[in-house]
Amino acid sequence: MSGQIVYDINTKFGKYGGRFVPETLRQPLEELASAYEHLKHNDKFLSEYDFFLRDFAGRPTPLYFAKSLSRELGRKIYLKREDLVHGGAHKLNNTLGQALVAKQMGKTRLIAETGAGQHGVATAIVGACLSFETQVYMGEVDIERQKMNVFRMELLGADVIPVRSGSRTLKDAINEAFRDWSANYENTHYLLGTAAGPHPFPTMVRDFQSIIGKETREQILRAEGRLPDSIVACVGGGSNAIGIYAPFLQDKVELIAVEAGGQGIGKTNKTAENGASLNCGTNGILHGALTKILQDPYGQILESYSIAAGLDYPGVGPELAYLAEMGRVQPTMADDKIALKGFKALSQLEGIIPALESAHAVGYTLDSPEILGDLAIINISGRGDKDLATVMAHENF
Ligand SMILES: *Cc1c(COP(=O)(O)O)cnc(C)c1O
């Protein structure tokens, strides 16, 4: 959507966020914002969401005391087990919530973007469960790289639409999905996959993912009688992180955001070395919001890089950009090597194979235990079965 500036209305997080979109997206965004504003206080809607979270997604997920990792790090470590959510990651918390909003709005069709395919699969799952026609935009390059997830989406009854524009990856798929939405919003909901994009997406996705933090807060108080000293989460677009942080923003709890630190070797000038927008990005507009993005001096978006497909996004949600600027969230990085160390360590110490994304958070704690305090929680955003081929192919493993 670059080049066609246009609209700027709230809601913002400091100077971040907002709604920088073409005229044609104004109406669908306003309709969505006002429907959501109403539904989030509606008991019937909330109890339906609770029902699907419990009986379909498998919530609440445990907060598990990791005794061997605790011994290794010399402090108490708990794991929030989003790897146990149906579909294998936290993504369903968001897709269920948005699909129920779409139902209430009378929509019959869902569209979504996907990079590696994880969000596409989570959308295809709710599309089948709640009887929507579902179409997922996916870059041609990603379709080639992620055949299993393409098959999964099709098996679940969704169509995968190849995107041939730009770099033929995630950011181009997002642009295509917005284009489709602006033409078809009468019957279509655009189910965005992370806490990014124009208002109301960052707020709505945060609210749906904050079930992670609400459960965590109750569970740690029950288990330890106090709040943790720190919470560690990996950050791609930022939805699992803001989801677990949200109920702790007013508390004295260190919130640590671990971004993809890359391979640590040089790349071309078209390519960022990492996926670390909070650490290395500069202010700019991407996908309808002002946030921290990886861009060249001329404002061209760089291709991000991470061994974990879910962290491979050249931007970050505006609320995290704001909280990092305020000093409320500490941005950190873990490179591929540290992530692989975390992947192996959690598997062998605890019998839990984490997603490569979550392994960045685990690896970070192994490398920097001193900043965790005496009692820390790591958000295990997903399970690692999807990543076995990647890890097996990695020479340093
Ligand atoms: C998609 C994904 C992420 C990254 O997305 P966020 O919006 O930053 O949470 C992290 N972990 C897993 C397992 C994922 O599937």
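**Ligand surroundings and domain arrangement**

An oxygen atom of the ligand lies 3.1 Å from a polar backbone atom of Gly237, a polar contact being a pair of N or O atoms within 3.5 Å, where within protein one must be able to donate a hydrogen and the other to accept it, and residues adjacent in sequence count only if both atoms are side-chain atoms. This is a predicted model, in which local features need pLDDT of at least 70 and side-chain atom pairs count only at pLDDT 80 or more, while totals for chains, interfaces and linings use all residues. Residues are numbered from 1 along each chain as its sequence is written, and side-chain values use heavy atoms, with hydrogens and water left out.

An N or O atom in the side chain of Ser239 is 2.7 Å from an oxygen atom of the ligand, and for the side chain of His90 the corresponding distance is 3.0 Å. There are 16 residues around the ligand, of which Lys91, Thr194, Gly238, Ser239 and Ser381 come nearest; a residue is counted here if one of its heavy atoms lies within 4 Å of the molecule.

The chain is assigned two domains: domain 1 covers 14–53 + 90–205, and domain 2 covers 58–88 + 210–392. These bounds come from an automatic or database domain assignment. The C-alpha centres of the two domains are 22 Å apart. Across the boundary, 30 residues of domain 1 are in contact with 33 residues of domain 2, contact meaning heavy atoms within 4.5 Å. Together the domains bury about 2,700 Å², 63% of it on carbon and sulfur atoms; buried area is the accessible area (1.4 Å probe) that two parts lose on being put together, summed over both.

Polar contacts between the two domains involve 16 residue pairs, with both residues at pLDDT 80 or more. On the side of domain 1 that touches domain 2, the elements giving two or more residues are β2 (16–17), α4 (91–104), α5 (118–129), α8 (170–184) and α9 (201–209). Helices (H or I, at least four residues) and strands (E, at least two) are DSSP runs, numbered from the N terminus. Helix α8 gives the most to this side, with five residues.

One salt bridge is counted between the domains, the term meaning a side-chain nitrogen of Lys or Arg within 4 Å of a carboxyl oxygen of Asp or Glu. Lys15 and Glu325 have side chains that meet in a salt bridge, at 3.1 Å from N to O. By this rule the count comes to 27 salt bridges. Among them is the pair Arg26 and Glu30, whose closest N and O atoms are 3.5 Å apart. Because these two residues are four apart in helix α1 (residues 26–39), Arg26 and Glu30 are separated by about one helical turn.

Helix α8 also holds Glu176. Apart from its neighbours within four places in sequence, Glu176 is in contact with Tyr137, Val163 and Ser165.

Some backbone details remain. Most residues other than glycine have a negative phi, and most peptide bonds are trans. The peptide bond from Arg59 to Pro60 is cis, with omega near -5°, and Pro60 is placed in the loop between α2 (43–57) and β3 (63–65). The bond from His199 to Pro200 is likewise cis, with omega near 15°; Pro200 is found in the loop between β8 (188–190) and α9. Arg168, in the loop between β7 (159–163) and α8, has a positive phi near 60°.
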